[in-house]
Amino acid sequence: MISFLTKTSHSITSAAILLALTSGLSRMVGLVRDRVLTHLFGAGHTLDVYYAAFRIPDFIYNLLIVGALAAGFIPVFTALYEKDKERAWEVTRSIITILGLSILGICGILWFLAPFIMPYLVPGFSLEKMNQTTILTRVLLLSPIILGLSGIAGSVLQSVKAFFFYSLSPILYNIGIILGAIFFVPMLGIAGLAWGVILGASLHLLIQLPLLFQLGFRYRPRLKLNDRPVRQILLAMIPRTLGLATTQINLVVVTILASTLPIGSITVFNLANNLQSFPIGLVGISFAIAAFPTLSSLAANKKPDELIETIGRTARQILFFITPFMVIFLLLRAQIVRVALGSGEFDWTATITTANTLAFFSISLLAQCLIPLLVRTFYALHNTWTPFFVGLIAEGVNLVASILLRERLHILGLALAFSLAMMVQLILLWLLLRRSLGSLQELKFLHLFYKISLASLIMGVAIQSLKEPIAALVNMNKFWGIATQGGVAGTLGLVAYILIAYFLKTEELLELKASLKKRWLNFRTVKPEITEV
């Protein structure tokens with residue numbers, strides 16, 4: 001049993017499938033989380049406060065942790081770990097110490113400043129809602145500290161391709177939030193939601209520690225700012241952090257704008273965003289995470305042809321898997337939202353608004369899934385400035401479009417602005433990466449695109465033609481009726497997609513079939529050195 005849990009993936013496809021399976025489970029738990037929240041509180045005051053309270057803690061976590069780990073830590077740690085494990089652990093200790101102290105200091109300052117920030121963050125809130133947002137924000141400021149440690153642990157596990165425990169951590173995070181909503185809120189009031197997040201963050205960390213220690217890591221305080229690998233990580237972190245700063249500022253602006261819209265707008269935006277993140281995590285993030293160690297290794301060993309082949313093949317796999325999600329989310333959006341969220345206090349008005357918001361998010365699913373792969377390719381090439389400047393342009397597009405579209409489309413306008421920005425970001429990243437590498441195998445991508453377009457067209461016709469006949473056979477005023485209509489139409493549409501892809505001998509489908517035939521998805525056992533470090 002232990003050997004299975006410490007296995008690593010031997011191929012990108014196998015690793016991506018494992019990550020997709022666990023990500024899918026995590027997203028399902030996330031849907032349960034959102035359903036619990038909407039059932040108990042609806043799209044109203046409480047969840048507006050809850051989601052708004054995340055803005056400041058998320059801002060800190062994304063800037064200091066995600067920026068460092070995504071841009072610099074994994075490539076540097078991977079290179080060191082292959083040559084000198086003790087050296088890799090020394091650098092890890094320094095990064096933990098540096099980022100830990102930074103987060104503690106910043107979160108402490110923001111704890112005191114929170115009441116003064118709220119009038120600017122949520123200007124449309126009443127005084128009572130602002131005070132509640134302040135209370136939740138102060139509790140949630142513990143989460144960047146805990147998730148920061150967990151993020152570093154997870155990056156180490158990614159670097160050694162031990163994805164299992166890493167992929168379980170988001171599941172436990174969501175379970176903690178669910179427990180908070182069910183058990184903490186009756187005891188602590190609205191603050192119980194925030195304490196549920198802290199419980200989830202703690203579980204997120206604890207699930208990864210045993211394997212990290214088994215690999216040989218032991219923490220002792222280290223603060224070596226002059227250490228070359230540490231400097232390399234911190235320098236790589238700067239443009240990534242600046243890029244994330246623009247993203248987080250944009251989310252703050254969205255929160256500000258949404259707080260001035262009708263009650264529940266912040267909740268609707270976040271719920272629709274959570275729903276569309278399901279396929280992004282399942283496909284885009286899974287493949288990007290699985291490919292990153294390979295991309296870093298190929299770039300470090302100066303193998304440009306293999307690097308281009310890896311990027312092109314992974315991009316085509318993403319296109320193949322994400323396209324049916326786009327069709328389903330566009331054609332069955334109301335069914336998805338009603339089944340996932342529609343109970344208790346979440347009424348039909350909230351359902352329709354969330355469904356339409358989801359549709360505007362869905363048009364950029366392909367872009368959102370390809371962007372993590374392209375960004376990580378730049379990081380593997382130790383180029384963190386290009387994604388920053390491209391991200392800056394995209395966030396500018398998002399900001400301007402949000403302001404222009406809000407008056408006419410309200411919350412739908414914010415989602416449409418987001419999608420437009422993602423498309424701009426994808427185009428720019430693709431062109432600049434192609435300029436750097438010479439090719440991204442565009443002809444193969446276009447060849448697959450033609451096949452996928454035909455398959456998705458037939459899939460869409462199948463779904464649309466089945467919706468009304470199925471609706472006539474079931475009670476559409478009941479949960480089971482809506483679930484049956486959406487489930488049957490979506491499943492048969494997906495079958496049509498797969499059959500057409502198989503008929504057209506789509507390489508990505510055949511590769512998936514071959515991967516599934518391999519025992520344990522072609523995992524091989526890791527033999528970690530169990531040493532006292």
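**View 1. Arg 55 and Asp 58 form a salt bridge, the closest N and O atoms being 3.7 Å apart.** A salt bridge here is a side-chain nitrogen of Lys or Arg within 4 Å of a carboxyl oxygen of Asp or Glu. The model shown is predicted, so local features need pLDDT of at least 70 and side-chain atom pairs count only at pLDDT 80 or more, whereas totals for chains, interfaces and linings use all residues. Residues are numbered from 1 along each chain as its sequence is written, and side-chain values use heavy atoms, with hydrogens and water left out. Because Arg 55 and Asp 58 are three residues apart in helix α4 (residues 55-83), about one helical turn separates them; helices (H or I, at least four residues) and strands (E, at least two) are DSSP runs, numbered from the N terminus. Arg 55 counts as buried, at 9% relative accessibility, while Asp 58 counts as partly exposed, at 24%. Buried means under 20% relative accessible area, exposed means over 50%, and partly exposed lies in between, for a 1.4 Å probe and protein chains only.

**View 2. A salt bridge joins the side chains of Lys 129 and Asp 48, at 3.8 Å from N to O.** This pair links distant parts of the chain, since Lys 129 belongs to helix α6 (residues 127-140) and Asp 48 to helix α3 (residues 45-53), 81 residues apart. Both Lys 129 and Asp 48 are buried. The structure holds eight salt bridges.

**View 3. Within helix α13 (residues 304-331), Glu 309 and Arg 313 lie four residues apart, about one turn of the helix.** Glu 309 forms a salt bridge with Arg 313, and their closest N and O atoms are 3.3 Å apart. Glu 309 counts as partly exposed, at 27% relative accessibility, and Arg 313 is likewise partly exposed, with a relative accessible area of 22%.

**View 4. Asn 174 is a residue of helix α8 (residues 163-188).** Is Asn 174 buried or exposed? With a relative accessible area of 5%, Asn 174 is buried. When residues up to four places away in sequence are not counted, Asn 174 touches Ser 26, Val 29, Gly 30 and Arg 33, where contact means heavy atoms within 4.5 Å. The C-alpha atoms of Asn 174 and Arg 27 are separated by 8.8 Å, although these two residues are 147 residues apart along the chain.
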